[in-house]
Amino acid sequence: MALISRLVSRRKGWRQRFVHFNENERHVTLMLSKANSRLFLLRRLTNFKLSPLDLLQVYTSFIRPVLEYCVPVWNPGLTSNHVRRLERVQKRALRTILKGQYIDYTTALQRTGLVPLKDRRENLCTKFAYKLDPELLPPRVVEVHGRSTRNSHKLRTLKCRTNRYMNSPMPYLVRLMNNKHSL
């Protein structure tokens, strides 16, 4: 009971760390507001004449983790609007870091050695999927019917009757793993 009362008394802090499974819009909005407040700090650090490498280090260690927190849970349900809003944060950070040397987003990415957040999220989800316990994953195709075919190394795809389930973490991770096998 004491733990519950502490959680209730610190409800605001608890809410900020919670991943909203069914409310992607709310989660993305909270995440963006937190990242934008940290971007303000990055802008303030430019007054101290830090080098672009130092500012890039601040971005990659202090702001980007906010944008990637629990990414395997909420990435499959992102809309194109969410992706654009998330990418805009990195674009603004690069504009702040490079100042007058900023030409456009793709050039800034090449100059700093960063990748777009969309690609980074997909790589993080793939790494997470391969670290999952095999007992949590569906069986491989060869284990289901016993025949060796071109696709026997792939995982059996999950049947999804609704888009909501199809865009949930487990079917998304299985699709990612199967796509990586086919490349």
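This is a predicted model: local features need pLDDT of at least 70, side-chain atom pairs count only at pLDDT 80 or more; totals for chains, interfaces and linings use all residues.
Local features were considered at pLDDT of at least 70 and side-chain atom pairs at pLDDT 80 or more, whereas totals for chains, interfaces and linings use all residues. Residues are numbered from 1 along each chain as its sequence is written, and side-chain values use heavy atoms, with hydrogens and water left out.

The protein contains eleven helices and zero strands, where helices (H or I, at least four residues) and strands (E, at least two) are DSSP runs numbered from the N terminus. Of its 183 residues, 34% are buried, that is, under 20% relative accessible area with a 1.4 Å probe, protein chains only. Among contacts (heavy atoms within 4.5 Å) between residues at least 6 apart in sequence, 60% join residues at least 24 apart.

Beyond four places in sequence, tyrosine 59 touches residues including Leu67, Gln90, Ile97 and Leu117.

Glutamate 87 lies in helix 6 (residues 80–98) and counts as buried because its relative accessibility is 13%. Apart from neighbours within four places in sequence, glutamate 87 is in contact with Tyr105, Pro116, Leu117 and Lys118; the C-alpha atoms of glutamate 87 and tyrosine 105, 18 residues apart along the chain, are separated by 9.9 Å.

Technical notes
Buried means under 20% relative accessible area, exposed over 50%, partly exposed in between (1.4 Å probe, protein chains only).
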